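Me: Got a model open here. Can you walk me through it?
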Amino acid sequence: MWRGYRRIAAGSLACASCMVDVAEPWREVVGGPGLDEGDMIEDALGTRPPGRRLSCQIQITEALHGLEVRLPETQA
């Protein structure tokens, strides 16, 4: 567990336990969820909130230095 954050599927897109909300200024740089990721979020929540991503699916690059995300109140 990392700072109270569960890593259930270890990045394999098999759950929705690592949801984050990407800060508005970063959404274009990070990009939106892929089809399977978006479906996973919608299945877990019944909706796709703007900026919601599964952190395990965000490709970390130098362009994301300083990235701001918020942990939702609850995870799936």
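This is a predicted model: local features need pLDDT of at least 70, side-chain atom pairs count only at pLDDT 80 or more; totals for chains, interfaces and linings use all residues.

Me: OK. Is arginine 52 buried or exposed?
Reply: Arginine 52 is buried, because its relative accessibility is 11% and the cut-off for buried is under 20%.

Me: Which strand is arginine 52 in?
Reply: Strand S2, which covers residues 52-54.

Me: What does the side chain of arginine 52 make a polar contact with?
Reply: The side chain of aspartate 21, at 2.4 Å.

Me: And which residues is arginine 52 in contact with, leaving aside neighbours within four places in sequence?
Reply: Met19, Val20, Asp21, Pro33, Ile41, Leu45 and Pro72.

Me: Switching topic. What's the secondary structure of the chain?
Reply: Two helices and three strands. Along the sequence they run β-α-α-β-β.

Me: How much of the chain is buried?
Reply: Buried residues are 30% of the 76. The chain exposes about 5200 Å², with 51% of that from carbon and sulfur atoms.

Me: Which residues form the largest nonpolar core?
Reply: Seven of them: Val20, Val22, Ala23, Trp26, Val30, Ile58 and Leu64. There is also a second, separate core of five residues, including Cys18, Met19, Ile41 and Leu54.

Me: What does valine 22 touch, not counting residues up to four places away?
Reply: Arg27, Val30, Gly51, Arg53, Ile58, Leu67, Glu68 and Val69.

Me: Last one. For contacts with a separation of 6 or more, what percentage comes from residues 24 or more positions apart?
Reply: In this chain, 68%.

Notes. Residues are numbered from 1 along each chain as its sequence is written. Side-chain values use heavy atoms; hydrogens and water are left out. Helices (H or I, at least four residues) and strands (E, at least two) are DSSP runs, numbered from the N terminus. Buried means under 20% relative accessible area, exposed over 50%, partly exposed in between (1.4 Å probe, protein chains only). A polar contact is a pair of N or O atoms within 3.5 Å; within protein, one must be able to donate a hydrogen and the other to accept it, and residues adjacent in sequence count only if both atoms are side-chain atoms. Contact means heavy atoms within 4.5 Å. Accessible areas come from the Shrake-Rupley method with a 1.4 Å probe; for residues, only the protein chains shown count as cover. A nonpolar core is a set of buried Ala, Val, Leu, Ile, Met, Phe, Trp, Tyr and Cys residues joined through side-chain atoms within 4.5 Å.
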